[in-house]
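Let's walk through this model together, one spot at a time. Have the viewer open and follow along.

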Amino acid sequence: MNMDFEAALKYIDLGSYDKAIEKLQSAIEKESGSPETAAQYRCVLGELHANLGNAAESRAEFEKVLAYCEETHTLQKQKAIAQTYIDAFDGKIKPSHQPAQKRPGDVPVIPKPVQNKGFISRQMSKKHR
């Protein structure tokens, strides 16, 4: 794995998104010999831009990912992610018309404790040091 990509993931975890974008772009440039890996990194960069509200930058990255995926017929997961975001930008995402999953009537809302009441009261009365 590319060190710049790992650094970008750490910056994302820390909330330093500008530095994460810089590191992701650097990782993409360094992976010019491996376009498949670069496309995977582009997908991450596109998601980051989308989460930050940068729709134009996000769309550009996702279009590059889609172009690579359709050209090589690989990276189906990244293709699905990119297509979903682009469809969302275009307003093509349809709301789900499936009813919410209902719990069966015989399942209690609150699960029963594994231990019985006597065991729990004995444990609660013990001195804890």
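Leu75 counts as buried because its relative accessibility is 11%, where buried means under 20% relative accessible area, exposed over 50%, and partly exposed in between (1.4 Å probe, protein chains only). You'll find Leu75 in the loop between H4 and H5, and its phi is positive, about 55°, although it is not a glycine. This is a predicted model, so local features need pLDDT of at least 70 and side-chain atom pairs count only at pLDDT 80 or more, while totals for chains, interfaces and linings use all residues. Residues are numbered from 1 along each chain as its sequence is written, and side-chain values use heavy atoms, with hydrogens and water left out.

His73 lies in the loop between helix H4 (55-72) and helix H5 (76-90); helices here are DSSP runs (H or I, at least four residues), numbered from the N terminus. His73 has a positive phi too, about 60°, and is not a glycine either. At 63% relative accessibility, though, His73 counts as exposed.

Now for the cores. The largest nonpolar core has 11 residues, among them Phe5, Ile21, Tyr41 and Leu45; such a core is a set of buried Ala, Val, Leu, Ile, Met, Phe, Trp, Tyr and Cys residues joined through side-chain atoms within 4.5 Å. Helices H1 (3-14), H2 (17-30) and H3 (35-52) each give two or more residues to this core, and H2 gives the most, with 5. A second, separate core of 10 residues includes Leu75, along with Tyr68, Cys69 and Ala82.

Finally, Tyr17 sits in helix H2 and, at 34% relative accessibility, counts as partly exposed.
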